[in-house]
Amino acid sequence: MCGIFGIIGKQDNAAQTVLSGLKKLEYRGYDSWGIAVKQADKLVVERHVGKIGQAKTTLSASTIALGHTRWATHGGVTIGNAHPHLDCQQKLCLVHNGIVENFRPIKEKLSKSHKFNSETDTEVALHLIEDKAKTQSVFKAVQSSFNQVHGMNAFIVLNADSKELIAVKNGSPLTIGLGKDANYISSDVWALLDHTNKVIFLEDNQMAQISQNSVKLFNAKTGKSIKPKITTLDWQAEQSKLGKFHHYMEKEISDQPQILDNLSRIDPAIIAKAAKAIKATTKSYILGCGTASYAAMFGEYIFSLAGFDTEAIIGSEFSKNKQLLSPDLVFLMLSQSGETIDVVEAVNLAKSKNMKIIAITNVLGSTLYRKSDTKILLRAGQEVAVASTKAFTGKLAILIQIAYWLTKDFKAGQKLIDQAAKATKTIITGSTRKQIKDLAKQIKDQDNMFVVGRLSSYPIALETALKIKEVSYIHAEGYAGGELKHGPIALIDQNTPCLVIAPNDQTYTDSISSAHEMKARGGFIIGISPKNDPVFDIHLKVPDLKEATSIPNTVIAQLLAYDLAIARGLNPDKPRNLAKSVTVK
Ligand code: AGP
């Protein structure tokens with residue numbers, strides 16, 4: 001969940017380069033940050049609690065540096081627990097993304113001869129390396145320590161007595177960037193794009209020895225050398241710039257009309273390949289976490305309604321299906337980052353059962369992308385804001401086209417996505433935009449909210465509630481409309497905002513009944529629907545686009561969440577306690 005970055009080059013502005021790399025990685029965790037440089041045979045470190053913001057580094061000239069931006073797992077948000085950590089001799093320094101699951105027994109053994117300055121699991125790994133380096137090279141010490149620690153981890157180590165960085169990973173992502181006068185290493189590719197588009201994606205249990213002019217790869221288990229696989233990316237750092245927008249969430253919501261338009265013209269062969277796999281099997285699983293799990297649920301609904309046995313699974317609950325997996329079943333894995341740990345583990349388990357994996361992801365070269373058999377890229381450009389927006393509607397657009405391919409009407413599916421792109425533009429630029437802003441001002445002081453939807457609108461209700469929770473901290477809950485009467489309606493009182501997602505389909509009448517039941521208890525009814533109804537206190541109109549109505553419905557929800565965050569004086573891009581890519585358990 002943390003972001004780690006390193007550079008070894010010719011120029012002596014390594015600390016500044018690491019700082020700008022950390023700024024690009026800050027969406028992975030913003031509890032504290034720190035940088036270390038090598039000067040002659042000394043290591044100098046600076047560490048700070050909180051976000052980087054406009055901070056400048058205080059470290060002086062150096063050609064080698066590494067840095068870290070933290071999402072706290074072990075040990076509170078303090079300077080003492082901020083990374084990078086130094087060993088007892090102040091000769092070794094390490095940054096880490098992951099969790100050393102067996103840190104406690106290792107610490108007990110080492111605490112007789114090592115002084116610990118933090119509560120972190122990370123510092124334990126560093127002292128373990130220091131301990132082993134007493135009898136072997138630092139490279140070997142990193143290798144054997146890595147093989148002794150448990151869990152999904154990525155480490156970068158800097159040794160004051162050498163002119164190289166040592167990196168090693170399992171599970172947590174690490175990518176090397178090959179520059180002209182420098183080499184770089186980062187938790188993700190986006191932070192490398194300012195410097196190069198030539199990268200090496202490290203695979204699990206691979207180690208790298210990185211100097212200014214060379215990169216050597218090794219198998220961390222056997223020590224055998226590996227020929228690096230260089231990938232050239234066609235991305236521009238420019239795409240990730242904020243431009244005229246105030247926040248990345250606002251920019252990424254506004255990116256959607258173009259992305260949906262592109263996806264409505266996606267190569268039919270890509271959709272056909274996934275659809276044929278689903279058609280050829282007796283049952284498909286669709287898996288994701290958080291927002292991606294709601295896209296998975298949406299897929300389950302529209303594929304099931306089309307007559308194809310499909311089960312959506314929440315990534316962290318996957319092992320419940322362990323006994324049911326077999327090579328003839330198909331797996332769709334949904335993940336914007338392609339690095340979410342519960343998705344990566346599910347991929348490993350499904351692969352161990354020889355299952356075919358269809359990935360829908362936004363990051364070329366991510367672990368999910370690399371490990372899957374069929375790869376569907378969202379091509380939505382970098383999603384920086386922690387709250388996922390354009391990647392979610394992109395997934396809906398793909399799933400709807402697969403469903404229409406399965407029901408032999410692919411062209412109609414493409415047309416619906418094209419119309420959804422236009423409808424989204426109208427919502428973002430038209431009168432509805434002001435309606436949503438005014439609504440946010442009207443309900444911003446509420447602490448609780450309800451969102452209801454039925455059938456394929458139920459996952460949209462869940463996603464709406466998640467967006468509102470994530471960025472405005474209002475406790476919104478999404479419900480299947482029919483479930484209200486079985487308990488939750490007890491929470492509704494005077495003026496409780498109730499969003500009713502009522503598309504013009506088989507659920508419309510029942511959804512209007514739910515609206516009446518909530519209104520009878522004093523609820524303030526906000527209808528998101530192609531059709532107005534007297535029960536609505538506020539009507540947010542969307543076009544009737546069959547299953548694709550879920551896309552403009554979602555965009556309205558995203559804008560409402562964004563406006564509520566702004567109305568409550570919050571930064572929608574970096575919500576408290578969250579991070580963009582969840583790479584720890
Ligand atoms: C969504 O706004 C959240 N950031 C979170 O739920 C996210 O969707 C989840 O962590 C999954 O991320 P992924 O799509 O990168 O796997």
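Modeller: Helices (H or I, at least four residues) and strands (E, at least two) are DSSP runs, numbered from the N terminus. This is a predicted model, in which local features need pLDDT of at least 70, side-chain atom pairs count only at pLDDT 80 or more, and totals for chains, interfaces and linings use all residues. Residues are numbered from 1 along each chain as its sequence is written, and side-chain values use heavy atoms, with hydrogens and water left out.

Colleague: Where is Thr222 found, and is Thr222 buried or exposed?

Modeller: Buried means under 20% relative accessible area, exposed over 50%, and partly exposed in between (1.4 Å probe, protein chains only). Thr222 is found in the loop between β13 (215-219) and β14 (225-226). Its relative accessibility is 51%, so Thr222 counts as exposed.

Colleague: How many aromatic pairs does the structure hold?

Modeller: Rings of Phe, Tyr and Trp (its six-membered ring) pair if their centres lie within 6.5 Å; planes under 30 degrees apart count as stacked, over 60 as edge-to-face and the rest as tilted. The structure holds 5 aromatic pairs. In one of them, Phe318 and Phe331 have ring centres 5.3 Å apart and planes at 85°, so the pair is edge-to-face. Phe318 sits in the loop between β17 (310-314) and β18 (330-335), and Phe331 in strand β18, 13 residues apart. Phe318 is buried at 4% relative accessible area, and Phe331 is buried at 0%.

Colleague: Which residue lies over the face of Tyr473?

Modeller: A charge sits over a ring if NZ of Lys or CZ of Arg is within 6 Å of the ring centre and within 35 degrees of the ring normal. Arg576 lies over the face of Tyr473, at 3.8 Å from the ring centre.
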